[in-house]
Amino acid sequence: MARAMTLNLPIAEIVLAGPRGFCAGVERAIDIVELALDVCGSPVYVRKEIVHNPYVVETLRTKGAIFVDELDEVPDDATVIFSAHGIAPAVRDEAQHRGLRVIDATCPLVTKVHLEAIRYAREHYTIVLIGHEDHDEVIGTLGEAPERIVVIDSAAEVERLEVRDPEKIAYLTQTTLSVDDTRDVIAALRMKFPKIVGPSRNDICYATQNRQAAVKTVADDVDVLLVIGAKNSSNANRLVEVAENHGTRAYLINDVRDIRIEWLANARRVGVTAGASTPEVLVSETIETLRHDGVQVREVRAVEEDVRFALPQELEGMARERNVTVPARDVMRQAI
Ligand code: SF4
(Lines give C-alpha, C1' and ligand atoms only; values in the text may rest on other atoms or scores of the structure.)
Protein backbone atom coordinates (compact mmCIF):
# COMPACT_ATOMS: atom_id res chain seq x y z
CA MET A 1 0.00 0.00 0.00
CA ALA A 2 1.52 3.34 -1.05
CA ARG A 3 2.02 6.16 1.42
CA ALA A 4 -0.20 9.27 1.45
CA MET A 5 -2.96 7.62 -0.59
CA THR A 6 -6.53 7.37 0.72
CA LEU A 7 -8.63 4.22 0.87
CA ASN A 8 -12.29 3.77 0.14
CA LEU A 9 -13.36 2.10 3.37
CA PRO A 10 -16.52 2.38 5.47
CA ILE A 11 -14.64 3.95 8.39
CA ALA A 12 -16.70 6.52 10.31
CA GLU A 13 -14.26 7.28 13.10
CA ILE A 14 -10.57 6.94 13.90
CA VAL A 15 -9.83 6.74 17.61
CA LEU A 16 -6.28 7.70 18.55
CA ALA A 17 -4.95 6.24 21.78
CA GLY A 18 -2.89 8.52 23.99
CA PRO A 19 -0.24 8.40 25.20
CA ARG A 20 1.36 6.65 22.24
CA GLY A 21 4.70 6.73 20.48
CA PHE A 22 8.02 8.04 21.76
CA CYS A 23 8.81 7.68 25.46
CA ALA A 24 11.42 9.75 27.32
CA GLY A 25 14.09 7.04 26.97
CA VAL A 26 13.66 6.82 23.20
CA GLU A 27 13.61 10.61 22.74
CA ARG A 28 16.80 10.86 24.77
CA ALA A 29 18.54 8.07 22.83
CA ILE A 30 17.72 9.68 19.46
CA ASP A 31 18.79 13.10 20.73
CA ILE A 32 22.07 11.55 21.89
CA VAL A 33 22.87 10.21 18.40
CA GLU A 34 21.96 13.51 16.73
CA LEU A 35 23.95 15.57 19.25
CA ALA A 36 26.91 13.19 19.02
CA LEU A 37 26.94 13.76 15.26
CA ASP A 38 26.92 17.54 15.88
CA VAL A 39 29.64 17.34 18.52
CA CYS A 40 31.96 14.65 17.11
CA GLY A 41 31.09 14.83 13.41
CA SER A 42 30.22 11.90 11.18
CA PRO A 43 30.50 9.01 11.49
CA VAL A 44 29.54 7.94 14.98
CA TYR A 45 29.00 4.25 15.57
CA VAL A 46 25.94 2.85 17.31
CA ARG A 47 26.03 -0.66 18.77
CA LYS A 48 22.71 -2.37 17.93
CA GLU A 49 19.60 -0.48 16.85
CA ILE A 50 19.51 2.67 18.98
CA VAL A 51 15.80 1.92 19.47
CA HIS A 52 13.78 -0.82 17.83
CA ASN A 53 12.37 1.04 14.86
CA PRO A 54 13.66 0.83 11.27
CA TYR A 55 12.41 4.31 10.33
CA VAL A 56 14.38 5.85 13.20
CA VAL A 57 17.48 3.80 12.38
CA GLU A 58 17.33 4.68 8.69
CA THR A 59 16.84 8.39 9.43
CA LEU A 60 19.90 8.43 11.70
CA ARG A 61 21.89 6.43 9.15
CA THR A 62 21.29 9.13 6.55
CA LYS A 63 22.63 11.69 9.04
CA GLY A 64 25.91 9.80 9.47
CA ALA A 65 25.36 7.12 12.12
CA ILE A 66 26.79 3.67 11.42
CA PHE A 67 24.96 0.80 13.08
CA VAL A 68 26.94 -2.28 14.07
CA ASP A 69 26.13 -5.47 15.94
CA GLU A 70 29.34 -5.76 17.92
CA LEU A 71 32.30 -3.61 18.90
CA ASP A 72 34.76 -5.48 16.66
CA GLU A 73 33.08 -3.66 13.75
CA VAL A 74 34.04 -0.29 15.28
CA PRO A 75 37.45 1.12 14.26
CA ASP A 76 39.97 2.26 16.88
CA ASP A 77 39.64 5.92 17.90
CA ALA A 78 35.96 5.99 16.98
CA THR A 79 33.02 7.18 19.07
CA VAL A 80 30.47 4.49 19.87
CA ILE A 81 26.99 4.88 21.36
CA PHE A 82 25.30 2.12 23.35
CA SER A 83 21.59 1.72 22.62
CA ALA A 84 18.63 2.57 24.86
CA HIS A 85 18.22 -1.11 25.77
CA GLY A 86 21.44 -1.23 27.75
CA ILE A 87 24.52 -3.44 27.62
CA ALA A 88 26.22 -6.13 29.65
CA PRO A 89 29.28 -4.91 31.61
CA ALA A 90 31.50 -7.09 29.39
CA VAL A 91 30.67 -4.80 26.46
CA ARG A 92 31.57 -1.70 28.45
CA ASP A 93 34.85 -3.36 29.52
CA GLU A 94 35.69 -4.25 25.93
CA ALA A 95 35.10 -0.66 24.80
CA GLN A 96 37.29 0.63 27.60
CA HIS A 97 40.00 -1.90 26.77
CA ARG A 98 39.90 -0.76 23.14
CA GLY A 99 40.10 2.89 24.20
CA LEU A 100 36.90 3.76 22.32
CA ARG A 101 35.06 6.97 23.14
CA VAL A 102 31.75 5.81 24.59
CA ILE A 103 28.41 7.56 24.97
CA ASP A 104 25.87 5.49 26.85
CA ALA A 105 22.27 5.99 25.70
CA THR A 106 20.89 3.30 28.02
CA CYS A 107 17.52 4.47 29.31
CA PRO A 108 17.81 5.46 32.98
CA LEU A 109 14.90 3.14 33.76
CA VAL A 110 16.87 0.19 32.35
CA THR A 111 19.92 1.30 34.35
CA LYS A 112 17.71 1.20 37.44
CA VAL A 113 17.01 -2.50 36.81
CA HIS A 114 20.76 -3.16 36.32
CA LEU A 115 21.50 -1.51 39.67
CA GLU A 116 18.86 -3.66 41.37
CA ALA A 117 20.43 -6.78 39.82
CA ILE A 118 23.89 -5.73 41.06
CA ARG A 119 22.58 -5.10 44.57
CA TYR A 120 20.74 -8.43 44.84
CA ALA A 121 23.72 -10.32 43.40
CA ARG A 122 26.05 -8.71 45.97
CA GLU A 123 23.66 -9.87 48.70
CA HIS A 124 23.81 -13.44 47.28
CA TYR A 125 20.22 -13.62 46.07
CA THR A 126 19.12 -15.82 43.20
CA ILE A 127 17.48 -13.32 40.84
CA VAL A 128 14.52 -14.33 38.72
CA LEU A 129 14.46 -11.95 35.77
CA ILE A 130 11.03 -11.95 34.15
CA GLY A 131 11.49 -11.15 30.46
CA HIS A 132 12.29 -12.41 26.98
CA GLU A 133 15.71 -14.03 26.91
CA ASP A 134 16.55 -12.94 23.35
CA HIS A 135 15.73 -9.25 23.94
CA ASP A 136 18.68 -6.81 24.04
CA GLU A 137 17.54 -5.42 27.39
CA VAL A 138 17.42 -8.84 29.06
CA ILE A 139 20.79 -9.83 27.57
CA GLY A 140 22.27 -6.66 29.09
CA THR A 141 20.71 -7.14 32.54
CA LEU A 142 21.65 -10.83 32.59
CA GLY A 143 25.25 -9.83 31.95
CA GLU A 144 25.40 -8.04 35.33
CA ALA A 145 25.36 -11.34 37.22
CA PRO A 146 24.96 -14.31 34.88
CA GLU A 147 25.75 -16.83 37.60
CA ARG A 148 22.94 -15.49 39.81
CA ILE A 149 20.19 -14.65 37.29
CA VAL A 150 17.66 -17.02 35.80
CA VAL A 151 15.35 -15.71 33.05
CA ILE A 152 11.71 -16.80 32.81
CA ASP A 153 8.86 -15.38 30.76
CA SER A 154 5.68 -17.10 31.95
CA ALA A 155 3.84 -18.33 35.03
CA ALA A 156 4.12 -21.88 33.65
CA GLU A 157 7.90 -21.71 33.99
CA VAL A 158 7.62 -20.92 37.70
CA GLU A 159 6.44 -24.47 38.36
CA ARG A 160 9.67 -25.93 36.96
CA LEU A 161 11.90 -23.36 38.65
CA GLU A 162 14.42 -24.67 41.18
CA VAL A 163 16.65 -22.30 43.17
CA ARG A 164 19.64 -22.83 45.47
CA ASP A 165 18.01 -21.19 48.51
CA PRO A 166 14.26 -20.41 48.45
CA GLU A 167 14.82 -18.07 51.42
CA LYS A 168 17.13 -15.88 49.34
CA ILE A 169 15.35 -15.14 46.09
CA ALA A 170 14.46 -11.89 44.35
CA TYR A 171 12.69 -10.96 41.12
CA LEU A 172 13.17 -8.21 38.56
CA THR A 173 11.35 -7.54 35.30
CA GLN A 174 12.12 -6.31 31.81
CA THR A 175 10.76 -2.77 31.43
CA THR A 176 8.48 -3.49 28.46
CA LEU A 177 6.34 -6.46 29.50
CA SER A 178 2.59 -6.88 29.70
CA VAL A 179 1.45 -5.46 33.03
CA ASP A 180 -1.25 -8.13 33.35
CA ASP A 181 0.92 -11.13 32.39
CA THR A 182 3.71 -9.98 34.68
CA ARG A 183 1.28 -9.68 37.58
CA ASP A 184 0.40 -13.37 37.05
CA VAL A 185 4.05 -14.42 36.93
CA ILE A 186 4.84 -12.48 40.12
CA ALA A 187 1.79 -14.01 41.85
CA ALA A 188 3.01 -17.51 40.87
CA LEU A 189 6.48 -16.69 42.20
CA ARG A 190 5.07 -15.41 45.50
CA MET A 191 2.96 -18.55 45.82
CA LYS A 192 5.94 -20.86 45.29
CA PHE A 193 8.56 -18.74 47.10
CA PRO A 194 6.80 -16.80 49.90
CA LYS A 195 10.08 -15.14 50.94
CA ILE A 196 10.74 -13.68 47.47
CA VAL A 197 11.58 -9.97 47.40
CA GLY A 198 11.36 -7.50 44.53
CA PRO A 199 11.05 -3.83 43.65
CA SER A 200 8.30 -1.91 45.49
CA ARG A 201 6.40 -1.89 42.21
CA ASN A 202 7.48 -4.01 39.25
CA ASP A 203 10.12 -2.63 36.86
CA ILE A 204 7.72 -2.17 33.95
CA CYS A 205 8.34 1.43 33.00
CA TYR A 206 5.84 4.28 33.11
CA ALA A 207 5.73 4.48 29.28
CA THR A 208 4.89 0.80 28.84
CA GLN A 209 2.21 1.00 31.52
CA ASN A 210 0.67 4.18 30.12
CA ARG A 211 0.54 2.88 26.52
CA GLN A 212 -1.11 -0.33 27.69
CA ALA A 213 -3.61 1.68 29.79
CA ALA A 214 -4.41 3.76 26.70
CA VAL A 215 -5.07 0.62 24.63
CA LYS A 216 -7.41 -0.70 27.34
CA THR A 217 -9.25 2.64 27.28
CA VAL A 218 -9.92 2.57 23.53
CA ALA A 219 -10.21 -1.21 22.96
CA ASP A 220 -13.93 -1.43 23.78
CA ASP A 221 -14.62 1.56 21.53
CA VAL A 222 -13.17 0.28 18.27
CA ASP A 223 -13.70 -2.63 15.87
CA VAL A 224 -10.03 -3.02 15.13
CA LEU A 225 -6.81 -1.53 16.47
CA LEU A 226 -3.71 -0.78 14.41
CA VAL A 227 -0.52 -0.77 16.47
CA ILE A 228 2.33 0.97 14.67
CA GLY A 229 5.68 -0.48 15.70
CA ALA A 230 8.51 -2.74 14.67
CA LYS A 231 8.24 -6.52 14.81
CA ASN A 232 11.15 -6.65 17.27
CA SER A 233 9.67 -3.94 19.52
CA SER A 234 8.67 -5.66 22.75
CA ASN A 235 6.37 -2.91 23.98
CA ALA A 236 4.57 -2.63 20.59
CA ASN A 237 3.92 -6.39 20.53
CA ARG A 238 2.50 -6.16 24.05
CA LEU A 239 0.01 -3.50 22.87
CA VAL A 240 -1.39 -5.96 20.33
CA GLU A 241 -1.76 -8.59 23.07
CA VAL A 242 -3.48 -6.16 25.43
CA ALA A 243 -6.09 -5.35 22.77
CA GLU A 244 -6.61 -9.00 21.88
CA ASN A 245 -7.06 -9.89 25.55
CA HIS A 246 -9.87 -7.33 25.53
CA GLY A 247 -11.46 -9.16 22.59
CA THR A 248 -10.47 -6.49 20.05
CA ARG A 249 -8.77 -7.46 16.80
CA ALA A 250 -5.36 -5.85 16.62
CA TYR A 251 -2.55 -5.79 14.05
CA LEU A 252 1.06 -4.73 14.32
CA ILE A 253 2.22 -2.66 11.34
CA ASN A 254 5.58 -1.13 10.64
CA ASP A 255 3.91 1.65 8.72
CA VAL A 256 0.88 2.32 6.56
CA ARG A 257 2.17 0.06 3.76
CA ASP A 258 1.55 -3.01 5.93
CA ILE A 259 -2.21 -2.43 6.24
CA ARG A 260 -4.34 -5.06 4.54
CA ILE A 261 -7.69 -3.83 3.25
CA GLU A 262 -9.47 -6.98 4.43
CA TRP A 263 -8.62 -6.14 8.06
CA LEU A 264 -10.71 -2.97 7.80
CA ALA A 265 -13.45 -4.13 5.43
CA ASN A 266 -16.20 -4.09 8.09
CA ALA A 267 -14.65 -1.68 10.55
CA ARG A 268 -16.63 1.48 11.35
CA ARG A 269 -14.31 2.58 14.15
CA VAL A 270 -10.57 2.05 13.82
CA GLY A 271 -8.19 2.56 16.72
CA VAL A 272 -4.61 3.68 16.15
CA THR A 273 -1.72 3.62 18.58
CA ALA A 274 2.07 3.37 18.42
CA GLY A 275 4.83 1.70 20.42
CA ALA A 276 7.34 3.69 22.45
CA SER A 277 9.94 3.71 19.66
CA THR A 278 7.57 4.72 16.85
CA PRO A 279 7.79 8.30 15.53
CA GLU A 280 4.55 10.29 15.29
CA VAL A 281 5.09 10.85 11.55
CA LEU A 282 4.14 7.19 10.97
CA VAL A 283 0.92 7.76 12.93
CA SER A 284 0.10 10.87 10.87
CA GLU A 285 0.67 8.97 7.61
CA THR A 286 -1.66 6.22 8.76
CA ILE A 287 -4.43 8.65 9.69
CA GLU A 288 -4.00 10.54 6.44
CA THR A 289 -4.41 7.29 4.52
CA LEU A 290 -7.44 6.06 6.46
CA ARG A 291 -9.37 9.29 6.61
CA HIS A 292 -11.67 10.51 3.89
CA ASP A 293 -14.50 13.04 3.78
CA GLY A 294 -16.63 12.74 6.89
CA VAL A 295 -14.28 10.58 8.95
CA GLN A 296 -14.00 11.87 12.50
CA VAL A 297 -10.65 11.68 14.28
CA ARG A 298 -10.90 11.56 18.07
CA GLU A 299 -8.06 11.27 20.56
CA VAL A 300 -8.64 9.54 23.89
CA ARG A 301 -5.91 10.16 26.46
CA ALA A 302 -5.71 7.70 29.35
CA VAL A 303 -3.05 9.70 31.17
CA GLU A 304 -0.80 12.73 30.62
CA GLU A 305 2.98 12.23 30.53
CA ASP A 306 5.65 14.70 31.59
CA VAL A 307 8.93 12.81 31.67
CA ARG A 308 12.29 13.87 30.28
CA PHE A 309 15.73 12.51 31.09
CA ALA A 310 19.02 14.38 31.34
CA LEU A 311 21.72 13.75 28.73
CA PRO A 312 24.71 11.57 29.67
CA GLN A 313 27.57 13.50 31.22
CA GLU A 314 30.10 12.04 28.76
CA LEU A 315 28.29 13.73 25.86
CA GLU A 316 28.34 17.08 27.64
CA GLY A 317 32.04 16.53 28.41
CA MET A 318 32.81 15.86 24.73
CA ALA A 319 30.88 19.00 23.76
CA ARG A 320 32.89 21.11 26.24
CA GLU A 321 36.20 19.68 24.92
CA ARG A 322 35.22 20.67 21.39
CA ASN A 323 33.66 24.00 22.38
CA VAL A 324 30.27 22.94 21.03
CA THR A 325 27.12 24.10 22.78
CA VAL A 326 24.61 21.38 23.55
CA PRO A 327 21.08 22.81 23.66
CA ALA A 328 19.68 23.20 27.19
CA ARG A 329 17.50 20.31 28.22
CA ASP A 330 15.05 20.00 31.09
CA VAL A 331 15.84 17.13 33.39
CA MET A 332 13.40 14.46 34.45
CA ARG A 333 10.24 16.06 35.75
CA GLN A 334 8.40 12.96 36.89
CA ALA A 335 9.63 10.54 39.53
CA ILE A 336 10.64 7.13 38.23
S1 SF4 B 1 10.13 1.97 26.97
FE2 SF4 B 1 10.54 2.59 29.10
S3 SF4 B 1 12.47 1.62 29.64
FE4 SF4 B 1 12.31 1.55 27.39
S5 SF4 B 1 13.32 3.40 26.70
FE6 SF4 B 1 11.20 3.94 26.96
S7 SF4 B 1 11.04 4.78 29.05
FE8 SF4 B 1 12.98 3.65 28.90
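A cavity is a set of grid points, taken over the protein atoms alone, where a 1.4 Å probe fits but cannot get out. The exercises below use this idea on a predicted model.

**Exercise 1.** Find which cavity the ligand takes up, and describe by class the shell around the ligand.

*Solution.* Begin with the space itself: the ligand takes up the largest cavity. Next, list the surrounding residues, which are Cys 23, Gly 25, Cys 107, Leu 109, Thr 175, Thr 176, Cys 205 and Tyr 206. Finally, sort them by class, remembering that Cys and Tyr count as nonpolar and Gly as polar; the shell then has five nonpolar and three polar residues, and no charged ones.

**Exercise 2.** Decide how helices H8 and H9 are oriented relative to each other, and do likewise for H1 and H12.

*Solution.* Two packed helices are described by the angle and the distance between their axes. For H8 (residues 206-219) and H9 (residues 234-245), the axes come within 9 Å and cross at roughly 30°. Angles under 35 degrees count as roughly parallel, and H8 and H9 are therefore roughly parallel to each other, with a right-handed crossing. The axes of H1 (residues 24-40) and H12 (residues 313-321) also come within 9 Å, crossing at roughly 20°, so that H1 and H12 are roughly parallel as well, but their crossing is left-handed.

Note on methods. Residues are numbered from 1 along each chain as its sequence is written. This is a predicted model: local features need pLDDT of at least 70, side-chain atom pairs count only at pLDDT 80 or more; totals for chains, interfaces and linings use all residues. Side-chain values use heavy atoms; hydrogens and water are left out. A residue is near a molecule or strand if one of its heavy atoms lies within 4 Å of it. On a 1 Å grid over the protein atoms alone, a cavity is a set of points where a 1.4 Å probe fits but cannot get out, and a pocket is an open set with protein on both sides within 12 Å along at least five of seven lines; lining residues have an atom within 4 Å of a point. A molecule sits in a cavity or pocket if more than half of its atoms lie within 2 Å of its grid points. Axes are lines fitted to C-alpha atoms, for helices over the stretch in contact, and angles run from 0 to 180 degrees between N-to-C directions. Helices (H or I, at least four residues) and strands (E, at least two) are DSSP runs, numbered from the N terminus. Angles under 35 degrees count as roughly parallel, over 145 as roughly antiparallel, 65 to 115 as roughly perpendicular and the rest as oblique. A crossing is left-handed if the near helix is turned anticlockwise from the far one by less than a right angle, and right-handed if clockwise.
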